[in-house]
Amino acid sequence: GKVLAFLPGIKENLATGFLISFYNIPFALGTLWLQYGTCRQFGLAENRARLVVYATAIGTMFWKYTVTDYSQVTQGFFLMGTVHFLLRGRAGDTYRASAFFAGLIVMKLVNVVLWAPCLLYLLILHRRDGREFMSQAMRFASIVFVAGLALLLYNYLRFGDPLQSGYSSAQNKFTLAFLRRDIADSLFTPQRGLFTFNPILLAAIPGWFVFFRKKTPQAVLLLGIFALWFPFMASWVSYQGGWAWGNRLLTLIVPLVMVPLGFLALRRAWQKIALGAVLLASFYIQTASVYQHTSEYFVILLRLEERPDERVQMPPQLFGNLRLFHHKLAGTTGSYPLKSFGVQTDGPPVDTSEFETYQGLHLWFDHMGRHFKLPLTSLLHIPLLIALGITLARTFRSFKHEPTQKTMEPEQDESGVIFKDYAEDRKKRST
């Protein structure tokens with residue numbers, strides 16, 4: 001930040017914020033790489049694994065939070081690594097999964113609740129061999145235990161309480177009252193609904209049935225993580241994680257929930273067209289979120305608190321941000337007539353021109369172009385969009401003559417261990 005601040009007219013706080021916004025990107029790439037590997041472990045063809053990765057990258061809120069300084073994408077990387085190595089099941093992978101899970105709880109202690117579905121998966125996997133289950137459970141706990149002790153010690157030295165992590169009495173802010181208030185809204189509303197902000201997740205639902213039929217233990221793990229994390233976050237006092245895009249607290253599980261998309265039947269033309277339409281709608285929604293500073297709409301709503309008759313007519317976040325996006329595409333920024341949001345009023349427009357980062361499209365080369373008076377730099381995003389379109393078109397074309405999708409069935413040994421190479425290695429170590 002200090003180095004960039006030497007450029008003419010660049011403030012140090014803006015330069016620092018600009019650099020921090022990049023920190024999630026390597027973790028996002030790592031998450032997608034692990035997701036691809038997990039899909040391939042399930043026997044999905046390369047084109048199907050790529051479809052899952054592309055749909056996650058540009059069709060879900062995972063994209064939005066990749067270019068922010070929120071930590072959910074980084075947490076998602078550690079969760080995806082945990083799941084990937086648990087599922088792969090080779091020698092030493094349980095320790096690798098433990099290391100990733102240790103990183104997950106160091107990021108945020110509350111993530112420890114996701115230990116339960118991981119342990120359940122190991123129990124199902126080794127249900128016929130109790131000794132092997134205990135061995136694997138201890139290995140999975142090993143690095144996590146050490147990291148947990150270190151975290152408790154750190155919290156004690158810093159806050160005087162090993163269970164205090166800087167969020168005050170956070171444990172008292174998870175209640176059944178909040179769960180009843182938010183669980184339905186967190187699914188389908190245009191204010192924070194998971195499926196509303198990520199329509200491509202709806203397309204993945206039919207894939208879950210095939211996934212369960214072919215890969216039952218693995219499907220139990222992924223669904224267990226979703227079934228535990230979703231209501232847990234819905235019971236939190238903050239109904240969407242602050243001034244966020246949708247419910248940001250659910251972002252870390254999105255790459256996992258997208259995996260069953262690879263099991264969809266895509267042999268008929270109408271199936272491809274339907275999936276393409278849903279993916280296009282999801283891409284449009286995520287583009288609108290990435291191309292603007294979505295906090296601007298919250299500022300608009302905040303400024304209307306003194307004008308309650310107009311405030312009550314404002315659309316929920318998704319529709320409000322989409323209209324704001326259309327304003328910016330049309331070249332309008334900083335001052336917005338309320339009638340353009342569907343408000344019946346003759347009142348003055350709402351103004352956000354004092355916020356530099358809210359002006360125009362919220363892309364670094366667009367901001368740079370305005371700052372240095374280089375208008376052509378604002379067009380640099382167009383080649384990126386073209387490249388994305390070509391990549392998706394090629395992926396969909398690869399399904400043109402696809403035969404019936406056959407997922408490789410895993411081999412089992414007599415103890416019920418699914419991964420044969422791991423089972424054989426275990427036997428060699430015991431002799």
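# Briefing: helices, contacts and aromatic pairs

At 37% relative accessibility, R181 counts as partly exposed (buried means under 20% relative accessible area, exposed over 50%, and partly exposed in between, using a 1.4 Å probe and protein chains only). You're looking at a predicted model, in which local features need pLDDT of at least 70 and side-chain atom pairs count only at pLDDT 80 or more, while totals for chains, interfaces and linings use all residues. Residues are numbered from 1 along each chain as its sequence is written, and side-chain values use heavy atoms, with hydrogens and water left out.

**The big picture**

- The protein has 21 helices and two strands (helices are DSSP runs of H or I with at least four residues, strands are runs of E with at least two, and both are numbered from the N terminus).
- Of the 431 residues in the protein, 49% are buried.
- Take the contacts between residues at least 6 apart in sequence: 71% of them join residues at least 24 apart (contact means heavy atoms within 4.5 Å).

- R181 sits in helix α9 (residues 176–182). R181 and A234 are 53 residues apart in sequence, yet their C-alpha atoms are 8.2 Å apart in space.
- L329 belongs to helix α18 (residues 317–329), and it counts as exposed because its relative accessibility is 52%.
- N111 is in the loop between α6 (93–107) and α7 (115–125). With 0% relative accessibility, N111 counts as buried.
- Leave aside the neighbours within four places in sequence, and N111 is in contact with Q75, F101, L104, I105, W229 and L252.

**How helices pack: α2 with α5**

- Helix α2 (residues 24–41) packs against helix α5 (residues 72–88) at an angle of about 25°, with the axes 8 Å apart (axes are lines fitted to C-alpha atoms, for helices over the stretch in contact, and angles run from 0 to 180 degrees between N-to-C directions).
- That angle is why α2 and α5 are roughly parallel to each other (under 35 degrees counts as roughly parallel, over 145 as roughly antiparallel, 65 to 115 as roughly perpendicular and the rest as oblique).
- The α2 and α5 crossing is left-handed (left-handed if the near helix is turned anticlockwise from the far one by less than a right angle, right-handed if clockwise).
- On the α2 side, the residues that meet α5 include F27, A28, L34 and Q41. On the α5 side, they include V73, F77, M80 and R88.
- Sorted by class, this contact of α2 with α5 has eight nonpolar, eleven polar and one charged residues (Ala, Val, Leu, Ile, Met, Phe, Trp, Tyr, Cys and Pro count as nonpolar, Asp, Glu, Lys and Arg as charged, and the others, Gly among them, as polar).

**How helices pack: α7 with α8**

- Now head to α7 and helix α8 (residues 130–159): their axes are 9 Å apart and they pack at an angle of about 155°.
- α7 and α8 are therefore roughly antiparallel to each other, and their crossing is right-handed.
- From α7, W115, C118, L119, L122 and L123 meet F133, Q136, A137, F140, A141 and V144 in α8.
- The residues in the contact of α7 with α8 split into ten nonpolar, one polar and no charged.

**How helices pack: α12 with α13**

- The axes of helix α12 (residues 200–214) and α13 cross at roughly 130° and come within 6 Å, so α12 and α13 are oblique to each other.
- W208, F211, F212, R213 and K214 in α12 meet T216, Q218, A219, V220, L222 and L223 in α13.
- The contact of α12 with α13 divides into seven nonpolar, two polar and two charged residues.

**Aromatic rings**

- The structure holds 25 aromatic pairs (rings of Phe, Tyr and Trp, using the six-membered ring for Trp, pair if their centres lie within 6.5 Å; planes under 30 degrees apart are stacked, over 60 edge-to-face and the rest tilted).
- One of them is W229 with F232, a tilted pair at 6.1 Å centre to centre with 55° between the planes. W229 and F232 both lie in helix α13 (residues 216–234), three residues apart, which is about one turn of the helix, and both are buried.
- Y297 and F341 also form a tilted pair, 6.0 Å centre to centre with 35° between the planes. This pair links distant parts of the chain, 44 residues apart: Y297 is in helix α16 (residues 295–303) and F341 in the loop between β1 (335–336) and β2 (350–351). Y297 and F341 are both buried.
- Finally, ring pairs link Y23, F27, F77, F78, F85 and F100 into a cluster.
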